[in-house]
Every structure is written in structure tokens, then in C-alpha cells.
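Biologist: I'm new to this structure and would like to learn how to read its contacts. Could you walk me through them?

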Amino acid sequence: MKCNETKIRFLSGEYNDRLLDIYIDPASLDYQKLRYIDAITEFHKLFGNNDIQIFSAPGRTEVGGNHTDHQHGKVLAASINDDVIAITSPREDGTINLLSKGYDMITFDIDSITAPNVAEYGTTTSIIKGVIAGLSARGYKVGGFNAYLTSDVLGGSGLSSSAAFETVIGTIESGLYNDMSIDAITIAKIGQYAENIYFGKPCGLMDQMACSVGSLCYIDFKNPEDPVVEKIDLDLEAENYRLVIVDTKGSHADLTPDYAAVPSEMCSIASHFGKSVLREVPEEDVIKNIDELRNKYGDRAVLRALHFYAENQRVDYEVEYLKKGNFKKFLSLVRKSGDSSYKYLQNVYTNHDVQHQNMSIALCISERILVFLDDGAARVHGGGFAGTIQAFVYKDKVKEYTTALDNIFGEGSSKVLEIRKYGGIRV
């Protein structure tokens with residue numbers, strides 16, 4: 001369908017049900033309609049009134065399993081109703097032209113993709129090339145396209161804007177050239193491959209899995225090549241709760257060593273037993289050898305290892321309580337997860353700058369509002385050290401909570417999110 005006709009159908013309300021199915025919140029309907037219309041308009045300006053296909057991939061929120069995926073552990077993660085959308089049309093000449101709102105046009109020929117280029121590490125181009133290379137290596141058809149992208153997934157927020165981008169590129173290729181036949185888990189693995197090998201950033205598979213698969217899902221990475229994935233039902237509306245993400249506006253500058261130290265220290269404990277990750281080492285072996293481990297690797301490495309074992313078990317119990325409909329017990333485990341991350345994983349602030357503890361302040365205020373009456377939960381979100389916290393807030397307290405946090409970190413710092421049921425899709 002051409003750009004002009006598609007815009008008319010959005011304006012007429014023909015796609016309202018589809019948008020509500022994706023974004024859930026009726027209050028966002030007008031915003032989403034205008035967002036799609038504006039994106040189609042920009043595509044039209046750039047590439048003409050072509051036949052178009054529209055794709056979407058969500059950001060994600062980590063609900064349980066803080067820093068467990070890189071040790072082949074278990075996580076509970078969910079896709080959210082903030083997403084990246086792509087207005088696209090195929091090209092026959094193998095050229096990719098991609099413009100993301102606010103950035104410069106990226107143009108290259110897929111036949112020019114070679115091995116990873118260190119000079120391109122950390123660039124958007126490298127991610128696109130990595131996804132194309134990963135798809136091609138697995139035998140899927142690949143081709144060129146024109147695309148205009150716009151994203152609501154805040155970069156640096158712990159909501160995985162990079163994984164959402166990787167997912168939408170994989171979904172574009174699936175839709176334009178493979179009849180949407182590439183399964184969500186494969187797209188996630190290819191996204192991780194692109195980020196690890198072409199972008200140059202080591203990461204686990206949780207972010208890509210949550211963005212690609214959708215809904216609230218339990219993932220067991222014991223075998224990363226064949227992870228166990230199970231969708232879990234959670235109706236926050238029925239529980240009278242809201243999911244709130246708070247951007248504490250902490251700086252991510254100079255935090256790479258802090259992030260890298262978490263998996264490095266966990267792996268150092270595993271290596272003591274001749275294993276590569278903690279999932280391969282029984283917890284009792286760590287406990288039995290704790291004195292030697294402390295002396296050889298330091299107390300923080302031991303604490304982080306012990307966090308892994310407890311957090312891995314917590315994920316199983318979180319899933320069990322959700323399946324039983326015991327939301328209060330689930331919330332108590334969310335609080336324990338946050339407590340463990342704060343005390344044992346130690347990723348709420350960097351010890352290189354103890355005077356700036358944005359996340360600590362956010363968690364403290366959250367506890368004062370939510371936890372004393374046992375009617376909510378808050379925890380560090382994602383990698384930690386800076387960025388966002390996650391809170392489950394009783395519906396009647398959302399206004400009080402978001403106002404309090406916005407007063408500290410700025411208007412709009414708190415955002416109420418929905419768990420959406422779709423991962424990467426053709427809209």
C-alpha cells in the first residue's frame with residue numbers, strides 16, 4: 001500500500017484496533033496515530049510514495065534475574081509498549097538506506113559487508129551489517145531496503161534501545177524477504193551476534209530475547225544456543241498495579257569498567273573450578289571454598305557469585321507465584337531481588353564516585369512511599385550503576401509516586417509502562 005493511502009487509513013481510524021492491540025493504553029491512541037502518520041510522511045519525503053510495510057520492535061524491562069544471563073542463568077523479562085517503528089520498502093539493488101529520526105542517513109550495499117571492522121565498533125552501521133551478516137550465514141534471504149525509523153525507547157535507560165533496533169532490523173528482513181518466517185529466538189540470537197561481533201559490545205542474550213519474543217517471558221539460558229522460553233501471564237490491570245520506570249539521570253560516562261567487572265568477577269569464581277560460567281559450578285562448592293576464594297579473588301567477587309545463585313532461584317519462585325496468582329508473594333521477591341543487587345551485586349552506584357548516587361536516592365524515596373505498607377516494590381533496573389529503577393506501584397499511589405520522583409529528577413522522569421504481548425512484528 002502506498003504512503004498516501006496508508007496515512008488516510010490511519011487518519012480514518014481504520015487501524016485503531018490494531019494500535020490498541022499493540023500499545024494497550026487507550027490514552028495513547030491519538031499519539032500513536034500521529035506518530036505513525038508523521039513517520040510515513042518523513043519516509044515519503046525521503047523515498048517517494050512507494051508501497052510500504054511497517055515493522056515494530058519493543059523495548060524491554062527486566063523483572064527478575066539481575067546480571068544472571070551472562071552466567072547462563074534464568075531471567076524474567078517483558079516487552080513494553082515503548083517501541084521502535086520502521087516504515088520500509090524493499091530495494092532490488094541490494095542497497096540499504098536507513099534514516100533514524102534525529103540521526104544522519106546510513107547507506108551501504110549489502111554486498112560490501114565483510115568481516116567485522118574494528119573501525120566501525122560502536123556504530124549503528126555495524127549493528128545493521130551484523131544482523132545482515134548473521135542472517136546470511138544462517139541461510140536466510142537478505143536484501144536492500146529504504147527505511148525511516150523513529151523510537152520511543154529511551155537510549156541509555158536500561159530499556160534496551162539497541163536490542164530493539166537489532167530486533168526491528170531482523171524483523172524487516174524477515175518480512176520483506178522471508179515471508180515473516182524467521183522465528184523470534186533466531187532473530188534474538190542474530191541480534192546478540194551483531195552486538196557482540198560487529199558492534200564490539202559483550203552482552204548476554206536477555207535483552208534481545210525480551211525484545212524479540214514479547215510478553216512477559218521466563219528464559220533459561222543454561223544452553224544459550226537453545227534457551228528455554230516460556231510466556232507467563234501477568235495482568236497488572238487486574239492486580240491494580242502499574243509498572244513504572246524512573247530515569248534517575250545518572251551519567252553513564254566512564255562506567256564501562258564497572259559494567260565489565262560484574263561478569264568478569266563472576267567468571268573468575270567459575271574459573272577457579274575449571275568452569276567458564278557460574279551456572280556450571282554448584283553453589284555448595286563456592287560455600288565450601290569461600291575462604292580460599294575470598295583470599296584469591298576478593299570479597300566482592302564472592303558476593304557477586306552468591307548473588308547469582310540466589311537471584312537464579314528467585315526467578316523460579318517469581319514464576320511459580322505468578323502462575324499461582326499470588327502477586328503479593330511475587331512483589332516480595334522483586335523487593336528481595338533489588339535488595340540483593342544493592343548489597344551483594346553492588347551495582348546501584350559506582351564506588352569511584354560515591355558523592356553521586358542518583359539510583360540510591362530513587363530507591364530510598366521509593367521505599368518510603370511503597371514498601372513500608374507492603375504495597376509495592378522497587379529495584380535497580382538492568383545493568384545498574386546509573387540510569388533507571390523499576391517500580392511496581394499500586395494504582396492509587398501512581399500519582400503520588402511519579403510526582404515525588406519527578407520532583408527529584410525532573411518532569412517526565414517517571415514513565416508508566418504497559419507489558420505488550422508482541423515482540424518484533426509487522427504492524
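Predicted model: local features only at pLDDT ≥ 70, side-chain atom pairs only at ≥ 80, totals over all residues.

Biologist: Why are K45 and E42 separated by about one helical turn?

Modeller: Helices here are DSSP runs of H or I with at least four residues, strands are E runs of at least two, and both are numbered from the N terminus. K45 and E42 are about one helical turn apart because they lie three residues apart in helix α3 (residues 29–47).

Biologist: Is K45 buried or exposed?

Modeller: Buried means under 20% relative accessible area, exposed over 50%, and partly exposed in between, using a 1.4 Å probe and protein chains only. K45 is exposed at 62%, whereas E42 is partly exposed at 28%.

Biologist: How many salt bridges does the structure hold?

Modeller: It holds 27. Among them is E237 with R242, whose closest N and O atoms are 2.7 Å apart; here E237 is partly exposed at 45%, but R242 is buried at 17%. Another joins D339 and K343 at 3.1 Å, N to O. Those two sit four residues apart in helix α13 (residues 327–345), again about one helical turn. Salt bridges can also share partners, and that joins R35, D83, D152 and R420 into one network.

Biologist: Let's turn to strands. Which residues make up the covered face of strand β4?

Modeller: In a regular strand the side chains alternate between the two faces of the sheet. In β4 (residues 106–109), I106 and F108 form the covered face, while T107 and D109 form the uncovered one.

Biologist: How many bridges join β3 to β4?

Modeller: Two strands pair if DSSP finds at least two bridges between them. β3 (residues 95–100) and β4 have four, and they run antiparallel.

Biologist: How many disulfides does a search of the whole structure find?

Modeller: A disulfide is a covalent bond between the sulfur atoms of two cysteines. The cut-off used is a pair of cysteine sulfur atoms within 2.5 Å, and the search finds zero. Take C217: the closest cysteine sulfur, in C211, is 9.8 Å away, too far for a bond.

Biologist: And what about Y241 and Y394: how do their rings pair?

Modeller: Rings of Phe, Tyr and Trp (its six-membered ring) pair if their centres lie within 6.5 Å; planes under 30 degrees apart count as stacked, over 60 as edge-to-face and the rest as tilted. The whole structure has twelve aromatic pairs. For Y241 and Y394, the centres are 5.4 Å apart and the planes are at 75 degrees, so the pair is edge-to-face. Y241 is in strand β8 (residues 241–247) and Y394 in strand β10 (residues 388–394), so the pair ties together parts 153 residues apart in sequence. Y241, F327, F330, F392 and Y394 form one aromatic cluster.

Definitions and conventions: Residues numbered from 1 in each chain as written. Heavy atoms only, no water. Salt bridge = Lys/Arg side-chain N within 4 Å of Asp/Glu carboxyl O.
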